[in-house]
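Me: I am new to this structure and would like to learn how to read it. Could you take me through a few features, one at a time?

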Amino acid sequence: MTIYVVVVVTVVFTIYSAIVPILQTPDESPHIRYIEFILQNHRLPGKEEYSDGRVLNQSSFLIQLNQLQQSLKIARNPNFHFPFDSIKTPPTQDIHLSYIFNHPPAYYLYAMLFFGFGWLISNGFALIGIKLANYFLLLVSLYYSYQVGKLFSDKKDTLFPYVLGLLVTSWPMYLFLSTGANNDLLVVSASCGLSFYLIRAEKRASIKVKDFLMICIFLSIGILTKAQFFVFVPVVFWVILKYFKTLEVGKNYKKLILSCVPLFFPLYFYISQIILYGRILPTPRDVSYDKAQAAVSCHGYSLFHYVKVWFFPRIPMIAQSFIGNFGWLDTKASKETILIVSFVVLLGLGGFLIGFLTKKKFRSEFKPFVRVVVPIALLLESFYSFLFFREYLQRCYVFFPTQGRYYFLLLLPLSFAVLVGLRKLLTPLGEKYAYIIIITLICLLNFYSIAILIQRYYL
């Protein structure tokens with residue numbers, strides 16, 4: 001069964017990788033430039049590039065990619081970064097300068113290893129190297145999704161871990177992002193790994209030294225990948241404090257000290273950032289972005305107005321981009337598809353919530369999951385709500401306030417809750433048939449997504 005799931009995920013990943021052209025995933029060009037800069041200079045961008053972004057703009061590789069994109073005649077996809085309907089190569093200095101310094105380096109250091117090996121052969125192989133790096137991250141997500149499912153499966157329900165792993169790693173938007181350079185992929189993998197060890201600690205009511213080491217590793221990787229991962233920090237501290245006695249510090253203090261070594265890397269990085277730039281994630285002035293977004297104040301409205309814009313259009317747009325808003329926000333799934341998938345997801349979450357509130361056995365079984373996931377979800381939503389209102393008050397930024405991919409940190413917990421909830425609601429049909437229905441739905445969603453991508457890019 002394991003090999004079948006791996007083969008299915010590999011095949012679907014390959015299909016997406018083959019049909020999605022270069023520079024189509026969000027912000028792919030600065031992602032690639034970040035990787036390329038590290039490879040060329042054997043260091044991260046520093047204060048010199050921060051004050052003068054011309055070095056970041058000097059990328060013959062990206063110019064060639066842009067020209068290739070034009071030669072493929074994929075010109076119906078204009079976007080702010082690369083207007084493909086123009087014969088001129090657009091300036092990228094402001095984009096790279098602002099974007100690169102707002103992103104910690106973990107994903108770029110990791111992808112650079114694969115990119116560099118491919119670079120030794122050709123530019124094309126360098127891009128394949130990035131895809132290969134993403135594929136291994138996909139397998140990590142698959143493995144830990146399976147492990148989380150295994151924590152809650154029994155002899156009567158051996159399919160649950162496999163279906164959960166398939167659901168997480170076959171999500172169309174996740175596979176789409178995996179076709180190009182994107183640090184969200186490492187966030188998903190790290191969150192899957194960290195979620196597993198935290199949930200297992202809650203389920204066992206104890207932490208082993210090996211688990212403590214893995215918690216430190218995944219936490220370090222995550223917060224060195226994207227700022228959103230900091231929402232895990234309070235939960236990690238809480239779980240460790242809660243089961244601190246089970247670590248037997250007096251007996252294992254040397255191992256525990258060594259286990260904390262991975263935390264040194266993000267600590268060193270962020271302290272260096274503060275020393276160099278005065279903040280952990282410096283934000284150089286992005287002239288091109290300022291021009292694109294007219295600064296119009298949205299202060300002074302009623303409380304009802306702010307609640308309204310937080311919910312609508314923000315929530316529907318998050319759902320849309322979580323389910324099917326591909327490329328540079330111009331290849332969208334139909335409204336009917338978004339509504340159907342949203343209904344199924346809400347149905348699954350409702351089933352899980354009803355079971356948790358009304359069934360004592362259900363609540364006892366899934367309490368370890370809820371104790372870890374709910375605080376993370378609330379912290380993440382609070383973080384993005386704060387960013388939304390900060391941006392909204394400054395710019396009236398409502399046309400695309402929060403992207404669905406920002407919530408991929410919750411892809412495993414969300415898939416788990418939906419799967420358990422749907423399984424509960426479909427129990428009268430039998431678990432096997434419930435899984436068949438769920439797998440059929442995810443297959444149909446992928447067929448549909450692949451079809452609209454092919455239509456968008458090639459027909």
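This is a predicted model: local features need pLDDT of at least 70, side-chain atom pairs count only at pLDDT 80 or more; totals for chains, interfaces and linings use all residues.

Me: Is cysteine 216 buried or partly exposed?

Reply: Cysteine 216 is buried, since its relative accessibility is 3%.

Me: How many disulfides are there?

Reply: A disulfide is a pair of cysteine sulfur atoms within 2.5 Å. By this rule the count is 0. For cysteine 216, the closest cysteine sulfur belongs to cysteine 260, 4.7 Å away, so the two are too far apart for a bond.

Me: How do I read a nonpolar core?

Reply: In soluble globular proteins, nonpolar side chains tend to be buried together. A nonpolar core is a set of buried Ala, Val, Leu, Ile, Met, Phe, Trp, Tyr and Cys residues joined through side-chain atoms within 4.5 Å. Here the largest has 129 residues, and Tyr107, Trp171 and Phe416 have the most contacts inside it. Helix H11 (residues 184-204) gives the most to this core, 12 residues; helices are DSSP runs (H or I, at least four residues), numbered from the N terminus. Apart from this core lies another, of 5 residues, including Cys298 and Tyr306.

Me: And what about aromatic pairs?

Reply: Rings of Phe, Tyr and Trp (its six-membered ring) pair if their centres lie within 6.5 Å; planes under 30 degrees apart count as stacked, over 60 as edge-to-face and the rest as tilted. The structure holds 47 such pairs. In one of them, phenylalanine 366 and phenylalanine 416 have ring centres 5.9 Å apart and planes at 70°, so the pair is edge-to-face. It links helix H20 (residues 360-395) with helix H21 (residues 411-425), across 50 residues of the chain.

Me: How are the rings of tyrosine 384 and tyrosine 406 arranged, stacked or edge-to-face?

Reply: Their centres are 5.5 Å apart and their planes at 25°, so the pair is stacked. Tyrosine 384 is in helix H20, while tyrosine 406 is in the loop between H20 and H21. Tyrosine 384 is buried at 6%, whereas tyrosine 406 is partly exposed at 22%.

Terms used
Residues are numbered from 1 along each chain as its sequence is written. Side-chain values use heavy atoms; hydrogens and water are left out. Buried means under 20% relative accessible area, exposed over 50%, partly exposed in between (1.4 Å probe, protein chains only). Helices (H or I, at least four residues) and strands (E, at least two) are DSSP runs, numbered from the N terminus.
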